[in-house]
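Dear colleague,

I am passing on the structure we spoke about, and below it you will find my notes on what turned up in it. Please read them with the model open.

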Amino acid sequence: SELAAYSTAEIHIYPFRRSEIMQHTASVPFPVRFYFWWLSHHANTVWGEIILEHLKVGMRNQDWKEVLAFERGVALSAIIAFRNRDQETANWGFAKSCLFGTLAVLALRGKIETSYVRIVEQGYNAFPDYDALIKKAEAVRRGEKKINEEDIFRNLDYLFHLEQKTI
C-alpha cells in the first residue's frame with residue numbers, strides 16, 4: 001500500500017521478496033512460470049539489487065497449455081464482472097484473456113512473442129476469423145474501447161477454439 005503512491009497509470013510498482021523471484025515461487029493468482037516469464041520480459045527493478053533484469057525463465061509446452069486454460073477462467077471472470085456492471089474489471093479480463101490466450105497458442109506453434117503489438121500482429125495473421133476480436137482486445141487494453149456483451153461471448157468462443165487447436 002505504501003508503494004501505491006509511486007504508481008501511475010503507465011507504471012505499476014509492486015513489492016517482491018528477493019527469495020521468491022530467485023526461486024520462481026510466489027503466491028500469485030496466475031500460472032507461476034508464466035508470471036515470472038512475463039516479468040522477465042517486462043519488469044524493471046526500481047529499488048534494491050537489480051535482479052528482474054537478469055531473470056531467466058523458460059516455458060515448456062505444458063506451461064503454455066496451463067496459460068491457455070487459465071485464460072478461459074479469466075474470460076469467465078470478465079463475464080461475471082460485465083454482468084455485475086464492473087466495466088473496468090470486465091475490460092481487463094477480456095483483453096488479458098484474449099491476448100494471453102493468443103500468445104499461448106502462438107508459443108505452442110513456436111512463435112514466442114513478448115510484446116502486445118507482436119501478439120496482435122501474429123494473432124490476427126494466425127487466426128483471421130478472430131482478427132477483429134484480437135484487435136479490439138488490444139484497443140481495450142490501451143483504454144481506447146470498451147467491451148460489449150457480444151465481445152464477451154465471442155472471446156469465450158475464441159478461447160475454446162484455441163484450446164481445441166492445442167489438444
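Phenylalanine 34 and tryptophan 38 lie four residues apart in helix H2, and therefore about one helical turn separates them (helices are DSSP runs of H or I with at least four residues, strands runs of E with at least two, numbered from the N terminus). Both residues are buried, meaning under 20% relative accessible area, with over 50% called exposed and partly exposed in between, for a 1.4 Å probe and protein chains only.

This is a predicted model, in which local features need pLDDT of at least 70 and side-chain atom pairs count only at pLDDT 80 or more, while totals for chains, interfaces and linings use all residues. Residues are numbered from 1 along each chain as its sequence is written, and side-chain values use heavy atoms, leaving out hydrogens and water.

The whole structure holds 14 aromatic pairs (ring centres of Phe, Tyr or Trp, the last by its six-membered ring, within 6.5 Å; planes under 30 degrees apart are stacked, over 60 edge-to-face, the rest tilted). The ring centres of phenylalanine 34 and tryptophan 38 are 6.0 Å apart with planes at 35°, so this pair is tilted. Tryptophan 37 and tryptophan 38 also form a tilted pair, because their planes stand at 45°, with centres 6.1 Å apart. Ring pairs join Phe34, Trp37, Trp38, Trp64, Phe100 and Tyr116 into a cluster.

Finally, the charged end of arginine 141 sits over the ring of tyrosine 116, 3.8 Å from its centre (NZ of Lys or CZ of Arg within 6 Å of the ring centre and within 35 degrees of the ring normal).
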